[in-house]
Amino acid sequence: MSDADREKIRILYVDDEDNNLQAFKATFRREYKVHLAISAEKGREILNNNEIDIIITDQRMPEETGVDFLASVIPTHPEPIRILLTGYTDIQAVIDAINKGQVYHYLTKPWEEEYMKTVINNAFEVYSLRKENKKLTDDLLKANEQLEFLLRQKLLS
């Protein structure tokens, strides 16, 4: 993997329509590292074999809805930011997306390129801040353990 690829935001786009997948890749491949999946099952395979920062999925797919897919990957892949994309305005899907799939953003098709870029970049900022927060929390816990150890040693001496 080149340095340029390592610095790119890593996106998994799941959609059952190949033309949507190809259009997304053609539009964003220069700016992002794009992984495509034609089904939720293929999406899980990609998640298991690649580091992914952002998951974008279509809501209406034949075997599994986008919300169900997102909810199913939370236990094993909680870190990626989730974005739901749909051609339909379905308030129940929006509610489910927020509650079940922990969706960061809900977009309707057809997506507008500049708006999609803004959503992706904002989502990555949230992802980066969460990662940094986790690192700082882990560092603080480690420092606390070391201080407690030193305090116990001092009390015992």
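Two strands count as paired if DSSP finds at least two bridges between them. The legends below apply this to a predicted model.

View 1. Five strands, in the order β2-β1-β3-β4-β5, make up an open sheet. Their pairing is parallel. The edges are held by β2 (32–37) and β5 (105–108). Each has a single partner strand, so one side of each lacks a neighbour in the sheet. Direction ignored, neighbouring strands are turned by 20° against each other on average.

**View 2. The β4–β5 pairing.** Strand β4 covers residues 81–86 and is joined to β5 by 4 bridges. The two strands run parallel. Leu84 has Tyr106, in β5, as its bridge partner.

**View 3. Helix α2 on the sheet.** Residues 18–28 form helix α2. This helix lies across β1 (9–14), β2 and β3 (54–58). Its direction is at about 175° to β2.

**View 4. Helix α4 on the sheet.** Residues 66–73 form helix α4. Helix α4 lies across β1, β3 and β4. The angle to β3 is about 150°.

View 5. Is His35 buried or exposed? Its relative accessibility is 14%. Buried means under 20%, so His35 counts as buried. Neighbours within four places in sequence are left aside here. His35 is then in contact with Ile11, Leu12 and Tyr13, and also with Ile46, Asn50 and Ile52.

Definitions and conventions: Residues numbered from 1 in each chain as written. Predicted model: local features only at pLDDT ≥ 70, side-chain atom pairs only at ≥ 80, totals over all residues. Heavy atoms only, no water. Axes fitted to C-alpha atoms, helices over the stretch in contact; angles between N-to-C directions. Contact = heavy atoms within 4.5 Å. Buried < 20%, exposed > 50% of the residue type's maximum accessible area, 1.4 Å probe, protein only.
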